[in-house]
Amino acid sequence: VITDFGLTVTFDWYSYARAILPTTYSGAVCGLCGNANGDPEDDFVTPGGDRAPDETQLGDSWKVGDVPGCSAGCGNQCPVCDTVRVQPYREDRYCGMIAQAGGPFQKCHGVIDPKPFLQDCAFDACHYRGHRDTVCQGVAAYVTACQSHGVDVETWRTEEFCDLSCPPRSHYELCGSPCQPTCRTPSVPAACPDSPCSEGCFCDHGYVLSGSDCVPRSECGCEYRGHYYQKDTEFYPSCRERCHCGADGMVTCQEAYCGAHEECRVEDGVLGCHPTGYGRLVVSGDPHYVTFDGRNFNIPGSCTYILARLCEPAPRLVNFTVLVRHEAGSHGDPVMMKRVVVSIYGYTITMERGRRWEVDSERYTLPLVMEDNKLRIGQEGNNIVLHTAAGVRVLYNAATFLLITVPDVYHGRLCGLGGDYDGDPSDDFRLPTGALAGNIQEFITSWKIPEKDGACSDGCEDGMCGECDVTDTTSYGRNGSCGIIRDAEGPFKGCHSRISPMEYFTHCVHDLCAARGDRGALCHALQAYAAACQAAGAVIEPWRTKEFCPLSCPRNSHYELCTRTCDVSCAALVGAAPCTWRCFEGCQCDEGFVFDGDTCVSPEHCGC
């Protein structure tokens, strides 16, 4: 970004940011980068003008907002990267190349001091235990600084060291032109300066940049009112105009109005018609169902059912189906969810209890983003989260809690056990024919999927399900048990205004009764309410202890009430990993370890 007053800001979309100011701003700026007055000794100043005693307090003083799961410092768990431990990473096979006499950057040493870059690179490499991408980013930072000053650097990447993989129809260049051909400027101007050049991925001959993609000129998009749009995209120049970018740069526009349950606003940086809200369908415990319109019922059967699907198609609505499979417990134990299957955009995503999951029968390592960006799957806390471009989202804790949210544009157009989402709970029990069911059992049976082996039960022999004894109900409803959910002074009090505790309390008592007071059933019920609260953005207080519902975590990890697993992962070391929700309770990798999709590992054991 270049301004008319001389400010230049660059960012590599991940870990390297740089701001260049004209000298006229000397002593007139503030923030983490100091006051630019030429004296590094007075840079650690807070917004109030006081001197910060250390880096942690300096950073915290300039914080603009809280991020769930993040803290100001690492407390007494800071990784020890003292001089002795950093030293190995200053060697040539790691960061030493930066300051190597006679190395690829020797021409730059007299222009930019390599020592601070070497120190930063070695410290980061120590912190992440030599992780390849961390080392490469540290060296690349010095390369960027050198090239921005017009200094030529020699080849430093090899097949064995920091090899750079480029997207389709592009290739790596050590010193690429600052004037790349784009769809807006397909020819490099004759006045283009030779420097400063930069290393990176550049389009192959015959291709030009369209956004961040290299395309043939015939596939270029459109320019409209000073903005560029890629081919075959739909966009809103204003809230009253919807346009389409077609072939040969042709833009066709028509008057547009947002549909029912939509409003025109900017969301994720895009102006357009977006949902006014979202509907929630919940399945929890010994399966209890709360439909999109809020109607409650239980299913004692151990069959596969259609949970939700699009039954009233409409333009621009994406078709989807969600199936759920129940499994009967042994010796009268409660029925539990075994499998959730989501079909959307031609993909079939299967999530099973025990955190096993597949896409089109193939297992991938999380996080997963499909090439067309229509599907994103990740693990957040104890939950598997599926996010789709259509706005349909699925959260499953791989045990006893399933949350499906759909945008309001699906209002009145769904069917299945989750109802039609028309705002009226009284008409939720509809059959596939559209007629109202005579009773709840007819409704449930009508959405059952035939099993291949035919082995599935509707549950409750003779149609009679056991009722809980009044004495047991009272006992299970106390504050030391299910009563924790609705306790006005309890750990979930901050959630009561967002998610009604009564439904979850009633379900908890039912499950505890069915499990004959088993503590595991209580913990699952409390965990379900905790997940529902955190998915809604509510802040809850600690409710687990070493004696009460402790969560056992794998090696190299520990329990946290508010963790963002996707932020502390192998994938996050390579590029920004998008977290789709707020923080969730779960197992957080210990300091010095990151999540590789299965377990917490030392960064040097991360994959590719």
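**Figure 1. Overall view of the predicted chain.** Of the 608 residues of the chain, 41% count as buried, where buried means under 20% relative accessible area, exposed over 50% and partly exposed in between (1.4 Å probe, protein chains only). The model is predicted: local features need pLDDT of at least 70 and side-chain atom pairs count only at pLDDT 80 or more, whereas totals for chains, interfaces and linings use all residues. Residues are numbered from 1 along each chain as its sequence is written, and side-chain values use heavy atoms, with hydrogens and water left out. The chain holds nine helices and 32 strands, which are DSSP runs numbered from the N terminus (helices: H or I, at least four residues; strands: E, at least two). The C-alpha trace spans about 90 × 60 × 50 Å along its principal axes. Among contacts (heavy atoms within 4.5 Å) between residues at least 6 apart in sequence, 53% join residues at least 24 apart.

**Figure 2. The open sheet of eight strands.** The strand order is S16-S15-S14-S26-S25-S24-S23-S22, with antiparallel pairing; two strands pair if DSSP finds at least two bridges between them. Strand S16 (296-298) and strand S22 (368-369) are the edge strands, each pairing on one side only. Helix H7 (residues 501-514) packs on the sheet and touches strand S14 (278-284), strand S15 (288-290), S16 and strand S26 (401-407). The direction of H7 makes about 165 degrees with that of S15; axes are lines fitted to C-alpha atoms, for helices over the stretch in contact, and angles run from 0 to 180 degrees between N-to-C directions. Helix H8 (residues 519-535) lies across S14, strand S25 (393-396) and S26, and runs at about 25 degrees to S26.

**Figure 3. Pairing of strands S23 and S24.** Six bridges join strand S23 (residues 375-380) to strand S24 (residues 383-388) in the antiparallel sense. Thr 388 in S24 is the bridge partner of Leu 375.

**Figure 4. Nonpolar cores.** A nonpolar core is a set of buried Ala, Val, Leu, Ile, Met, Phe, Trp, Tyr and Cys residues joined through side-chain atoms within 4.5 Å. The largest such core has 51 residues, of which Leu 307 and Ile 349 touch the most other members. Strand S17 (residues 304-310) gives this core its largest share, five residues. Beyond its neighbours within four places in sequence, Leu 307 contacts residues including Leu 281, Val 283, Tyr 289, Val 322, Leu 402 and Ile 404. A second, separate core of 39 residues includes Ile 484, Tyr 504, Ala 521 and Cys 533.

**Figure 5. Surroundings of Glu 352.** Glu 352 belongs to strand S20 (residues 347-352) and counts as buried because its relative accessibility is 18%. Its side chain makes a polar contact with the side chain of Arg 339 (3.3 Å). A polar contact is a pair of N or O atoms within 3.5 Å; within protein, one must be able to donate a hydrogen and the other to accept it, and residues adjacent in sequence count only if both atoms are side-chain atoms. Not counting residues up to four places away in sequence, Glu 352 touches Lys 338, Arg 339, Tyr 396 and Ala 398.

**Figure 6. Two loop residues with positive phi.** Ser 361 is found in the loop between strand S21 (356-359) and S22. Its phi is near 70 degrees, a positive value in a residue other than glycine, and Ser 361 is exposed, with a relative accessible area of 65%. Tyr 421 lies in the loop between strand S27 (414-415) and helix H5 (440-446). Although Tyr 421 is not a glycine, its phi is positive, at about 55 degrees; with 7% relative accessibility, Tyr 421 counts as buried.
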